[in-house]
Amino acid sequence: MIDPTRHRQLEELDAVSICVEILSDARNELYMNMRFLDVALSSLSFQADPACGGVGTDGYDIFYRPDYLMGLYRRGRVNVNRAYLHMVLHCLFCHPDTRGKRAEDYWNLACDIAMESIIDGMYQKCVHIAPSPFRREIYLRLGKDLKVLTAEGVYRKLQEMELDERQYQRLAAEFLVDDHRYWKEDKKGASSMPRKNRWDKNREQMQTNMETFAKENSGDSGDLLEQVRTENRTRYDYKSFLRKFAVLKEELQADPDSFDYVFYTYGLELYGNMPLIEPQETREVYRVEDFAVVVDTSMSCSGDLVKRFLRETYTVLCESESYFRKINIHIIQCDEKIQDDHLITSREEMEEYMRDFTIRGFGGTDFRPAFEYVNALIRMGRFHKLKGLIYFTDGEGIFPVKRPPYDTAFVFIKDRYTDISVPPWAIKLVLEPEEGEDQ
């Protein structure tokens with residue numbers, strides 16, 4: 001007679017063996033169709049977990065409940081391929097490590113929607129399942145305001161929708177693929193490369209593969225390449241970025257760095273009230289003095305986006321260490337022509353302008369008139385030493401061909417712009433949506 005315990009153990013071993021084969025076949029099929037995913041696909045091991053809600057990953061292993069995975073396979077091999085790819089995409093976009101202070105339930109849903117939108121947009125037989133009408137409706141609704149459906153952008157839109165419990169549960173049921181419980185802790189970060197660094201490296205390698213070696217395959221990958229490019233862009237601290245446009249100048253204030261306390265106290269001890277050295281009354285500092293800010297007020301650039309641009313710049317410039325007491329900042333509104341030019345000479349004027357700010361324009365988009373106008377201001381002597389110009393836009397317009405005599409930066413907000421080629425002579429900066437909102 002066979003021992004029941006032994007019999008159960010053998011069945012479990014058989015189930016695990018079958019599941020490993022199922023996942024290995026899914027990995028191989030994905031690789032054969034999307035070779036740019038080679039490193040990412042091979043970065044995950046397989047581990048059975050009876051407590052798993054189905055399948056899930058912590059960035060190192062794919063966890064699965066054997067009965068669930070075998071049931072998923074019986075429904076069709078494509079379902080397993082999609083689940084595998086869904087988890088790999090979560091890792092590539094570092095969703096387990098980028099929740100921050102966001103609400104966990106909405107963040108999980110936003111990540112699932114964003115990754116499913118990528119897979120639904122792929123033209124690959126190994127993962128293609130026609131999206132339901134409800135899914136298509138959600139994608140269209142989100143796509144009205146988001147150029148690319150990233151998790152951060154989808155999360156923001158979900159918060160704006162103010163979903164009731166029934167609506168939230170319907171969305172969660174539609175897009176649920178994997179168990180996110182394994183995201184909460186990077187258990188292996190202390191003994192090996194931290195999870196986020198590991199997948200950042202994988203994602204950069206994948207972009208290179210998509211743009212070069214696997215270009216023929218990446219054409220059927222929908223918005224994946226665009227998502228990867230967006231995620232791979234270097235994040236900038238906006239305050240540090242503005243310092244690129246600062247100039248060196250003396251300002252009336254004590255300079256503690258050049259003051260020698262030894263000689264000062266020695267003089268007081270030796271001669272009474274006669275120090276041998278006095279602190280300098282001026283010091284050289286790098287701050288913003290002459291500056292031009294151009295905001296795109298065309299039809300394609302929403303008023304909410306323009307105000308977010310200005311709030312971010314306003315917050316930085318109103319900090320005392322960012323600019324001189326006397327400043328010369330032109331805030332120019334432009335669509336296809338100059339709509340407004342407001343001169344700011346003090347912090348008080350900046351605060352008043354932000355209180356009464358009104359958007360003017362809403363025509364077409366042409367970047368050239370703004371540069372022509374600023375060049376004319378320079379010729380008229382309206383700027384003493386213009387170090388730079390920042391142009392806030394969504395990217396849809398005509399760029400000037402010739403480089404201006406000052407540094408230029410085109411600034412975009414992630415998820416809210418068209419990723420077109422900025423001229424090589426200009427700086428391209430992408431801000432996170434939360435950077436503007438938090439201000």
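## Helix 5 against helix 7

Helix 5 and helix 7 are oblique to each other, a class that takes in whatever angles remain once those under 35 degrees are called roughly parallel, those over 145 roughly antiparallel and those from 65 to 115 roughly perpendicular. Their axes come within 8 Å and cross at roughly 125 degrees, where axes are lines fitted to C-alpha atoms, for helices over the stretch in contact, and angles run from 0 to 180 degrees between N-to-C directions. The contact (heavy atoms within 4.5 Å) is made on the helix 5 side by Tyr106, Trp107, Leu109, Ala110, Cys111, Ile113 and Ala114, and on the helix 7 side by Ala151, Glu152, Val154, Tyr155, Leu158 and Gln159. The crossing of helix 5 past helix 7 is right-handed, a term used when the near helix is turned clockwise from the far one by less than a right angle, the anticlockwise case being left-handed.

Helix 7 covers residues 151–161, and it is largely enclosed by the rest of the structure, because nine of its eleven residues are buried; buried here means under 20% relative accessible area, exposed over 50% and partly exposed in between, computed with a 1.4 Å probe on protein chains only. The buried positions are Ala151, Glu152, Gly153, Val154, Tyr155, Arg156, Lys157, Leu158 and Met161. Just after helix 7, Glu162 has a positive phi of about 50 degrees.

## Basis of the model and overall make-up

This is a predicted model, in which local features need pLDDT of at least 70 and side-chain atom pairs count only at pLDDT 80 or more, while totals for chains, interfaces and linings use all residues. Residues are numbered from 1 along each chain as its sequence is written, and side-chain values use heavy atoms, with hydrogens and water left out.

The protein has 17 helices and ten strands; these are DSSP runs numbered from the N terminus, with helices being H or I of at least four residues and strands E of at least two. Of its 439 residues, 50% are buried. Among contacts between residues at least 6 apart in sequence, 70% join residues at least 24 apart.

## Nonpolar cores

In soluble globular proteins, nonpolar side chains tend to be buried together. A nonpolar core is defined here as a set of buried Ala, Val, Leu, Ile, Met, Phe, Trp, Tyr and Cys residues joined through side-chain atoms within 4.5 Å. The largest such core holds 65 residues, and those that touch the most other members are Met34, Leu37, Leu85, Leu89, Leu92, Leu158 and Leu224. Helix 5 (residues 104–120) contributes the most to this core, with ten residues. Apart from it lies another core, of 23 residues, which includes Val306, Tyr353, Ile359 and Ala409.

When neighbours within four places in sequence are set aside, Met34 is in contact with Leu85, Met122, Gln124, Cys126 and Val127. Elsewhere, Thr408 is found in strand 9 (residues 407–413) and is buried, with a relative accessible area of 1%. With the neighbours within four places again left aside, Thr408 is in contact with Phe371, Leu389, Trp425, Ala426 and Ile427; Thr408 and Leu389 are 19 residues apart in sequence and 4.9 Å apart in space, C-alpha to C-alpha.

## Salt bridges

There are 17 salt bridges, counted where a side-chain nitrogen of Lys or Arg is within 4 Å of a carboxyl oxygen of Asp or Glu. Arg77 pairs with Glu29, the closest N and O atoms being 2.8 Å apart, and this pair links distant parts of the chain, with Arg77 in helix 4 (residues 77–92) and Glu29 in helix 1 (residues 4–33), 48 residues apart. Arg77 is partly exposed, at 46% relative accessibility.

Asp200 and Arg203 also form a salt bridge, with their closest N and O atoms 2.8 Å apart; both lie in helix 9 (residues 195–211), three residues apart, about one turn of the helix. Asp200 is buried at 14% relative accessible area, and Arg203 is buried at 4%. A network of salt bridges links Arg82, Glu116, Asp120, Arg135 and Glu174.

## Helix 6 against helix 8

Helix 6 (residues 133–143) and helix 8 (residues 165–175) pack at an angle of about 110 degrees, with their axes 11 Å apart, and they are therefore roughly perpendicular to each other. The contact is made by Phe134, Arg135, Ile138 and Tyr139 of helix 6 and by Arg170, Leu171, Glu174 and Phe175 of helix 8.
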